[in-house]
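Please look over the sequence and the model shown here before reading on.

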Amino acid sequence: MTESLQDIARRLVAPGKGILAADESSSTIKKRFDSINLASTADARRDYREMLFSADQAMRNHVSGVILFDETIRQQAKDGRALVELITATGSIPGIKVDTGAKALAFHPGETVTEGLDGLRERLVEYHKLGARFAKWRAVITIGETLPTPGALSANAHALARYAALCQENGIVPIVEPEVLMDNPNATHTIETCHKVTEATLRVVFDELDRARVDLSGIILKPNMVVPGKDSGQKASPSEVAERTVAVFHAAVPTSVPGIAFLSGGQSDELATEHLSLINAIGDLPWGITFSYGRALQAAALKAWGGKPENVAAGQQAFLHRCRMNGLAALGQWNAELEREVA
Ligand code: 5MM
């Protein structure tokens, strides 16, 4: 039986579970591998992802879905099984990144628009056959003295909406990711500015989704949290981050959206977990709120693995630890003592 968009979306934000963003494009995974002095070959990328997806306990108990890159959805594990099969065997749902990246937006210096709409309908049909049941598209919004501009906001929101409609037409749940950056060069903006820009961005995104006739009950929103820019010198308390983030959602996210799954955006592993937990601890929220972390789930595992087959168990252990901590955060039950105890 075909699962409905609503059922898939609800499974992605099941209590205590969240999404592993493993959709690094070739240039990003190369950067990650550079940090452990590992050459980024197709086999090394396969080995790394195989290590993560076969971490049985982590996947089974804490990972509702995995976002893959085009290469990965077509790759086989060492035993010949498709990597997608490793994921489904744990009960987790395979997903796919379908945008082709953020490109300079004409007449908008310092801003980008995310591309990938050409041929998307046909690609979605193929990805569905390959097992993907949800997709992801990331729009990038930069804060600067005069940024973001209305032109960049609407171009990105429009593309997100067209992508989301195409996904739903093909039985695929769209993850709608408008990321307001915290770690762009010279990110001196305050938390107050991030608050305003995130709210304005989400309003434009939901206007465009509505105009494109997207069914909000069959999407997942993947936003940033409201935090100060990394060069601002401002130190916001975790509770302020949580309160402002939830205030933005109440102002701009319709309650028909079933789930919100955060990106980590360059926050430290532990802070990304703490913020998520405090957000959930606020309670009485109409959305399922969880993680869809890339760096904050993988950084420790990548380091422990180091590209060496003899370190697979250590890499999986580090991955399990971050998954457990974030699983607790998704329930609003994480605390720092627990983090150190288990570590
Ligand atoms: C895993 O990183 C994703 C892919 O980025 P590139 O296309 O640049 O390689 C990225 O879209 C990711 O899914 C989100 O930004 C969340 O990741 P973080 O690391 O911010 O949690």
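This is a predicted model: local features need pLDDT of at least 70, side-chain atom pairs count only at pLDDT 80 or more; totals for chains, interfaces and linings use all residues.

Residues are numbered from 1 along each chain as its sequence is written, and side-chain values use heavy atoms, with hydrogens and water left out.

The ligand is surrounded by 17 residues, the closest being Ser 25, Thr 28, Lys 97, Lys 136 and Ser 264 (a residue counts if one of its heavy atoms lies within 4 Å of the ligand). A backbone N or O atom of Ser 25 lies 2.7 Å from a ligand oxygen atom. For Gly 265 the corresponding distance from a backbone N or O atom to an oxygen atom of the ligand is 2.8 Å, and for Gly 294 it is 2.9 Å.

Leu 147 and Pro 148 are joined by a cis peptide bond, with omega about 0 degrees. Pro 148 sits in the loop between strand S6 (134-141) and H8 (helices are DSSP runs of H or I with at least four residues, strands runs of E with at least two, numbered from the N terminus). Asn 37, though not a glycine, has a positive phi of about 55 degrees; its loop runs between helix H2 (26-34) and helix H3 (42-53).

Helix H8 (residues 150-169) packs against helix H9 (residues 191-211) at about 45 degrees, with the axes 8 Å apart (axes are lines fitted to C-alpha atoms over the stretch in contact, and angles run from 0 to 180 degrees between N-to-C directions). H8 is therefore oblique to H9, since angles under 35 degrees count as roughly parallel, over 145 as roughly antiparallel, 65 to 115 as roughly perpendicular and the rest as oblique.

Conventions:
A polar contact is a pair of N or O atoms within 3.5 Å; within protein, one must be able to donate a hydrogen and the other to accept it, and residues adjacent in sequence count only if both atoms are side-chain atoms.
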